[in-house]
Amino acid sequence: MTIIHVFSRRRLWPLALLAATLAPAAALAAGYPQVTGARLAAAATDNGWLMFRRDYAGNSYAPFRQIDTANVKDLRLVWSYRSHLKEGYEGTPIVNGDYMFITTPKDHVIALNAVTGKVLWKYEKSLAGVALKTVCCDVVNRGVALYGNDVYLATLDNYVVALNAETGRVVWQRQIKPADVGYAMTLAPMTLKGMVIVGESGGEYGARDFIVALDARTGRELWRRYTIPAPGHLGGNTWPKGMYKHGGGSAWITGTYDPSTNTLFWGVGNPGPWLAKLRPGKNLFTDSLLALHPRSGKIKWYYQYTPHDSWDYDGVNTPVITNLRYHGRQYRAVVEANRNGWFYAIDRLNGKLIYAVRFTRATSVAGFRNGKPYTDNALRPTLTKQVFTCPSFLGGKNWWPISVDPLTHMAYVPTIHTCMTMKGAPTFYKAGLPYLGETFKVVHDPDDRNWGALQAINLDTGGQAWDHESALPWDAGAMSTAGGVVFSGSARGHLYAFDARTGRVLWRSPQLSSGIIAPPSTYIVDGKQYVAILAGWGGGTPIWGGQMVESVSNIPRGGHLYVFALP
Amino acid sequence: MRTRGLALALSILLAALGVQRGEAAGAPALFAAAQARAGRAVFEHKCAMCHGRRLQGLSGPALKGPLFASRKAGYTVRDIFLFLSVNMPAYAPGSLSAEQYVSVMSFLLQQNGFPAGRVALTAQAAATSTVALRYHGPAGRRGQHDRRASDCAAPGARAPSAGRTAPRRCKPLAAGAAGSARRVDAARSRPGAPERLR
């Protein structure tokens, strides 16, 4: 077998035609299956893939067993779809019935038949008149959310757009901030209790970010939670006078929801400017996990992962809701592999730390006292002092979401091994310009010549269960399945299937047309299980990656959706 | 009517001579032509991977045109130079020489329609210049017209601020390059491509 055989369009044609012919008429006639609140609540067991991390808990675990450790090696390409845009592809393919929705850079949405790959409609957000000046890490989009008969998109120019799922027609759209003045959105929205919830990016541009809930039917704003409190509000006294106005705190990754405590969890990003010396204080709620009342956005509790951050350690990595047993005690937990290099398990009832362990070299956050992190103050840069610390600002893990498997009781964590030099630098705030106050360079971890890894962490101990090292950074999200298989993609452009228990590589796809920075998804239509992945290198690494940039500079660009299944 | 007709004729004449209205209105000469040429070389090597060889924007923003250098954004030369010289390129901020930063700044000015002059730009001058950084039309007047896709406005884009020449409409940047089958072949036959199917 050669790659030419696998990816030849001519070879795919008969297959696609056959599939189209065989597609059951009844399913087509039934039209678009409505996405109710009940279906979203039960998304974990749905045959589709209804939201960003599959279910509200954020596990990215599918209870499908058709593809398993024994037969995964037989996966074949069923269909593929190529996009003409060359920037990064970070979207998760979302599937409802036999409808699939993918997004591309610059906010295009494409609806496809999930079995045949036939394009049903395309929507392109008009970005005419938008300069995309305040988008830090590539003009990406991470996918759509579903509710009722609508598909929701959050855009780089700060619109939330509701599209009709069958036609792609705009049902409503609402701009929640002007474009190009520090704010942008790249995340997949969340739909919950008739709301569509999104968060703003802009931690590098002096934004004052927020999470906002809109009425899913009309777009009317229901609540707005600023992540940087004003004076007089909880945490408002953790900022020097006036600095909260440009304090960052982006909310750029979709949150999770725990029905048992009726809590919405959302991560908050780094403070602005980056140089901490300029803003004495804890700088709440930056680099924190927020536990919110979903109906009001009010804060129940918070946990700050990195106090008074000077290293750009966003706390926006997806918080995953799971239960675990630690030192003989059962906990209802929320776990997260944080940008600062520590893996956190937090009691989701009260926000108290259960444990924190390093999952890569981490020196800036040096340890924990009374359940709270403390930092190594010698590793804080100043205008005159350059420091060397780990991990780099790109993190021990960046946004690429983990997966939690309830059978193995492991978390699968995309990891990068980096350190950095960092020094203070002059900065000033001006709307539409970056607001950093530091210079930096990402370099190798002195003890690890690999840039990346996918590793498994035992949830009950925090210890490493297995580790798949990679010379190149590992910039893709993870997914696990009941078939005992963990899927994730490499920078070289292979979709990998690992044995969930041991980390053994069970299968590796032929090299795809570009590197992978997106998470995979899986779904069942007419009794057949499919695995979908977007290839399309880009994102933050090639822009900010320092020494890493050279190692990834030859990765071909371009977006390509691939769908695999057993023969 | 007659006055309007005369003005139109004059503007056509001026356009034919390569004189942009913005320049006529006083875009100052801040750099020497050789600096912009040197800046282009640095830009292509250090910046184009994110901003595009034609400054049209890729993963990083476009660095020319009415949307970048707009009245609304209100940038001065100083604003852009300070950020550029401290924080760019993003993978190694501050790693270029002062001369290189100044040359890249000259190139950006040139590409936004500022004319070259006899006096060279210095780092000191760039870091203190309060000249408004506005788009003054396509770069390289007087026979060096460099009309490329990035000199245009996307359909629906607002015209630049009053008194400026309206940009022409865009042609798609990648026209003809989107033939997916061709690109698959191209990628496949890339020489020395690592880790092909084993």
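This is a predicted model: local features need pLDDT of at least 70, side-chain atom pairs count only at pLDDT 80 or more; totals for chains, interfaces and linings use all residues.
Which residue in strand 4 of chain A does Asn96(A) stand opposite? It is Tyr99(A).

Asn96(A) and Tyr99(A) belong to the pairing of strand 3 with strand 4 of chain A, residues 99–104, where the two strands run antiparallel and are joined by 3 bridges. They are part of an open sheet of 4 strands in chain A, ordered 3-4-5-6, with antiparallel pairing. Strand 3, residues 94–96, and strand 6, residues 119–124, are at the edges with a single partner strand each, so one side of each has no neighbour in the sheet. On average, and ignoring direction, neighbouring strands here are turned by 15° against each other.

Moving across the sheet, strand 4 of chain A pairs with strand 5 of chain A over 6 bridges, again in the antiparallel sense. The hairpin of strands 4 and 5 of chain A has 3 residues between the strands, and Lys106(A) takes a positive phi near 60°.

Strand 5 of chain A, residues 108–113, has 5 of its 6 residues buried, so the rest of the structure largely encloses it. Its other pairing is with strand 6 of chain A, antiparallel, over 5 bridges. What is the bridge partner of His108(A) in strand 6 of chain A? That is Glu124(A). This hairpin has 5 residues between the strands, and the positive phi, near 85°, is at Gly117(A).

Strand 19, residues 320–326, and strand 20, residues 329–337, pair antiparallel over 7 bridges. Within strand 20 of chain A, Ala333(A) is the residue opposite Thr322(A). The two strands form a hairpin with 2 residues between them, and His327(A) in the turn has a positive phi of about 50°.

Strand 20 of chain A then goes on to strand 21 of chain A, residues 342–347, running antiparallel to it with 5 bridges. That is also a hairpin, with 4 residues between the strands and a positive phi of about 95° at Gly341(A) in the turn.

Phe343(A) is in strand 21 of chain A, and Ala337(A) stands opposite it. Is Phe343(A) buried or exposed? The cut-off for buried is 20 or more other C-beta atoms within 10 Å; Phe343(A) has 27, so it is buried. Leaving aside neighbours within four places in sequence, its contacts are Ala337(A), Ala356(A), Val357(A), Phe359(A), Ile457(A) and Gly462(A).

Now the core. The largest nonpolar core has 217 residues, and those with the most contacts inside it are Val144(A), Val196(A), Ala411(A) and Met105(B). Helix 6 of chain B, residues 98–111, gives the most to this core, with 7 residues. As general background, nonpolar side chains tend to be buried together in soluble globular proteins.

Of its 198 residues, 40% are buried. Among contacts in chain B with a separation of 6 or more, 70% are between residues 24 or more positions apart.

How do helix 3 and helix 6 of chain B cross, and at roughly what angle? The axes of helix 3, residues 33–46, and helix 6 come within 7 Å and cross at roughly 105°. That makes the two helices of chain B roughly perpendicular. By class, their contact has 7 nonpolar, 6 polar and 1 charged residues. On the helix 3 side the residues include Ala36(B), Arg40(B) and Phe43(B), and on the helix 6 side they include Val102(B), Ser106(B) and Phe107(B).

Last, helix 5 of chain B, residues 77–87. Its buried residues include Val77(B), Ile80(B), Phe81(B) and Leu84(B). The buried residues of this helix pack against helix 6 and helix 7 of chain B, and also against strand 29 of chain A, residues 438–444.

Conventions
Residues are numbered from 1 along each chain as its sequence is written. Chains are lettered from A and ligands numbered from 1 in the order in which they are written. Two strands pair if DSSP finds at least two bridges between them. A nonpolar core is a set of buried Ala, Val, Leu, Ile, Met, Phe, Trp, Tyr and Cys residues joined through C-beta atoms within 7 Å. A residue is buried if 20 or more other C-beta atoms lie within 10 Å of its own, exposed if 12 or fewer, and partly exposed in between; C-beta atoms are placed from the backbone. Axes are lines fitted to C-alpha atoms, for helices over the stretch in contact, and angles run from 0 to 180 degrees between N-to-C directions. Angles under 35 degrees count as roughly parallel, over 145 as roughly antiparallel, 65 to 115 as roughly perpendicular and the rest as oblique. Two residues are in contact if their C-beta atoms, placed from the backbone, lie within 7 Å. Ala, Val, Leu, Ile, Met, Phe, Trp, Tyr, Cys and Pro count as nonpolar, Asp, Glu, Lys and Arg as charged, and the others, Gly among them, as polar.
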